[in-house]
Amino acid sequence: MKLQQIIEKHWYQKSDPILTIILMPFSLIYELIVTIRRILFKLKLKPSHKLAVPVVIIGNISVGGAGKTPLTKYLAHSLSQQGIKVGIILRGYKSTTTSATIVSAQDDSLRVGDEALIYAKSGYRVAIGSKRVAAGKLLLQQFPDTQLILADDGMQHYYLARDLEICVVDSSRMFGNQQMLPLGPLREGLNRLNTVDAIIINETYNAAQLNKILLPYQKPIYYQKLEFVHFFNPVTQVTLNVTEMTQQNILALAAIGNPGRFFNYLEKLGLKINKWQAFPDHYHYQATDIDSKYAIITTEKDYTKLAKFQANNIWITVVNAKLNNEELIERIKGLIK
């Protein structure tokens, strides 16, 4: 078993006493560093920079996929539909670009990152950069009529001042063993939830248990559901519904933060999966990963790295995120002067 799998099992399934002893000192050091860093920003000994328009952070306090990308797309779409000009900034995780860069739909995911390309292909104004403030400034320079910026995964990037913070929680994994890295999956302690403005629960697994954990923080809680649209083949431009897809020999393929959540989603749709294949998050696919014996079902994020192969047996699972009410959209709109 790979080290990553051993550690994730420790985080989310069964704690290993020996691993706890080994990792505890590193976790305490990490927690101390995180605490000191937050204090420095709170005392303004480290500067936070405010952009010329309101900034909404969409982030989480744990590592791995929590559902931030579909939520960001949902918010951008809903706000754009109401006439608000929205920009999106993000780091561009595992991209080869570190300086602030405007992303176009024609870019390569290796250069700009998976999520950034998803947003650009959806028609949104997007900028990436390891320094999110610089990315925001470049986006506003390029698109001066932008009224609002959504920052994907910027909760711990305190150099960027924010007007509203949204913490996304994966209901299938929750907060694992509730310990800080590397002993547990938390980037920041659960007490960080005291300072956010809203919590989004992605799907409704373990809903009762999760609500019990979140109750002490007394924050508005919203639920995000992923609504299935169809399976889409970008090469042939054909769409299939679930019934039509069940007639195929299926390989489910994913290299995302929590591939198990995607695989469970496919099963809930009623599909019989013949083979599962999970790779590390942001893995760059090789031609040998594409097995012609199967209809390969994958995510929109994964396809940003699979598109270059132009394989006609790859299908994207097209889903739309939806919140249980529109109150959060109204709160965000209220930030715009």
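How many helices and strands make up the secondary structure of the protein chain? Colour the chain by secondary structure and you will find eleven helices and 13 strands; helices (H or I, at least four residues) and strands (E, at least two) are DSSP runs, numbered from the N terminus.

A word before we go on. This is a predicted model, in which local features need pLDDT of at least 70 and side-chain atom pairs count only at pLDDT 80 or more, while totals for chains, interfaces and linings use all residues. Residues are numbered from 1 along each chain as its sequence is written, and side-chain values use heavy atoms, with hydrogens and water left out.

**The whole chain.** Zoom out: the C-alpha trace spans about 60 × 55 × 40 Å along its principal axes. Of the 337 residues, 49% count as buried, where buried means under 20% relative accessible area (1.4 Å probe, protein chains only).

**Strand 1.** Now select residues 55-59. Five of the five residues here are buried, so strand 1 is largely enclosed by the rest of the structure. In a regular strand, side chains alternate between the two faces of the sheet. Look at one side of strand 1 for V55, I57 and G59, then turn to the other for V56 and I58; both faces are covered.

**Its neighbours.** Two strands pair if DSSP finds at least two bridges between them. Pick V56 and its bridge partner in strand 5, L150. Next, show strand 6, residues 164-170, which also pairs with strand 1 in the parallel sense over four bridges. Here I58 has I166 as its bridge partner.

How values were computed. Buried means under 20% relative accessible area, exposed over 50%, partly exposed in between (1.4 Å probe, protein chains only).
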